[in-house]
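Here is a short walk through one protein model, written for someone who would rather look than calculate. Have the viewer open as you read.

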Amino acid sequence: MVATLAAATLVLAACGSDDESSDEPAESDDAAEEPSDETSDEPADDGDEPAGDESSGDEPADAMEPATIDYFTFSAAPDHLEDLDAIIAAFNEEYPDITIEVQTASYDDYFTSLQTQVAGGAAPDTFELNYENFVTYARSGALLDLGPYLGDGGIDAARYYPLALEGFTDGGTQYGLPATFSDVVLIYNKTMFDEAGLDYPTADWTWDDEMAAAQALTDADAGVYGSYQPVSFFEFYKALGQAGGSFFDADGNATFNSPEGVAAAEWLTGKPGTVMPTLADIGGTPDFDTNLFQSGKLAMWHNGIWQFNGLNESGVDYDIVVEPGQAQKANAVFMNGAVASAGTDHPEAAAAWIAFLTGSPTTVDVRLASSWELPAVDDEAAFATYLEITPPENRQAVFDALDDIALPPVIERQAEMQDIVGQALERIVLDGADPQEVLDEAAAEVDAIAG
């Protein structure tokens, strides 16, 4: 069945005010494989008792038994390993007997590796999950129930926005803690607009405005392009929202083959080979779009706030604006959480680590200073400092985007659904298939696996 999107208003609560706020992780066309159903539903019992102090604060905690805890992450490498080391160092001041051993993988490889480890009974003690794949792992029995560690058990639930916390529950059980959220904006090269004598994008732009500017800024013979937007599941569900459509109806039936869905598909698939490189040109080249933008050959880039650090280091003159809509605005928000394995030998230490990783003042300071996504904590003063960091000058757009949120649709067989939609879009681009026919077929396939 389609998962309940109780977190649909999560980021509104977590960022809609001036306190603040997609990931994710950087966007990827890849998603999680389903973990094995053979994983135990029960946490390992090694005699550990819940922690006695709040593990997300800076006060020294009661002594714990020595333990080594694995942490597997996709968002830290390669740009934020030093930031993660700083968080671990602060954690070890509070918990000197707990050693954290970090494992990393790129987002493209992460879930394949994680699924293999979980299925083989060798899951990391703690690991990162994004919102889209959380339900799959929670319902497989792979995750530790954090209920005993909330409140008097050591985790200060009030540290997090309530709906952010709810986003990592399933069936009333708290299986994860919200770590970060981020959103997607339109990043644009100010120099290219200036040289072309064009006005910068504004928050009231539509698709038509973007396309007109993109066409004026494209010189394919010179390898210069006006816009870049991946042809992917993640961009499709958002464009669908911008067109005024919905992915599922209230009964969980696929509705993305509506006229609005066709418009969204045509918007995305009409860009390759016109105002952006062809899919063949892009191929499997890592960071193709990043390199294109940083080299001054891309005018507008649909991407996330996690790109700010790299852009600032590159020296490109850029700013941001809320993405154009069409019938309405709809902006992608991505959420990551930290979870513990149901099979960990050290549940108490694992719970203490993920609480510190997600909610400690050190973590908040480190994430905000490095633009390593945004922590899901209730800390208005900390987020006020985030707005003061430039570039981009219009950093407020990060929060303005949260007025109109489009969270990804989620089902238990998430990876299959994303593949169905992604492959349908590729058929339109590569084979010239009719968008309506392709989406009709895809909707039927999604209904078959979501029922």
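The protein chain averages a pLDDT of 87, with 86% of its residues at 70 or more; pLDDT is the predictor's confidence in each residue, from 0 to 100. Residues 1-60 have pLDDT below 50, and in the model this stretch makes 207 contacts beyond near neighbours in sequence. A contact here means heavy atoms within 4.5 Å.

Some ground rules: this is a predicted model, where local features need pLDDT of at least 70 and side-chain atom pairs count only at pLDDT 80 or more, while totals for chains, interfaces and linings use all residues. Residues are numbered from 1 along each chain as its sequence is written, and side-chain values use heavy atoms, leaving out hydrogens and water.

## Around Ser341

Ser341 sits in the loop between strand 10 (331-340) and helix 13 (347-359). Helices (H or I, at least four residues) and strands (E, at least two) are DSSP runs, numbered from the N terminus. With 6% relative accessibility, Ser341 counts as buried; buried means under 20% relative accessible area, exposed over 50%, and partly exposed in between (1.4 Å probe, protein chains only).

What does Ser341 touch, leaving aside residues up to four places away in sequence? The list is Ala123, Pro124, Asp125, Phe127, Ala142, Leu143 and Leu144.

## Two of its partners

Leu144 belongs to the loop between helix 4 (131-139) and helix 5 (162-166), and counts as buried at 1% relative accessibility. Leu144 and Ser341 are 197 residues apart in sequence, yet their C-alpha atoms are 5.2 Å apart.

Ala123 is in the loop between helix 3 (107-119) and strand 3 (126-130). Its relative accessible area is 24%, so Ala123 is partly exposed. Not counting residues up to four places away in sequence, Ala123 touches Gln117, Val118 and Ser341. From Ala123 to Tyr71, 52 residues apart along the chain, the C-alpha separation is 10.0 Å.

## A helix pair

Helix 2 (residues 81-94) packs with helix 14 (residues 361-370) at an angle of about 165 degrees, their axes 9 Å apart. That angle makes helix 2 roughly antiparallel to helix 14; the label applies to angles over 145, with under 35 roughly parallel, 65 to 115 roughly perpendicular and the rest oblique. Axes are lines fitted to C-alpha atoms, for helices over the stretch in contact, and angles run from 0 to 180 degrees between N-to-C directions.

Which residues make the contact? Helix 2 supplies Asp83, Ala86, Ile87 and Ala90, and helix 14 supplies Thr362, Thr363, Val366 and Ser370.
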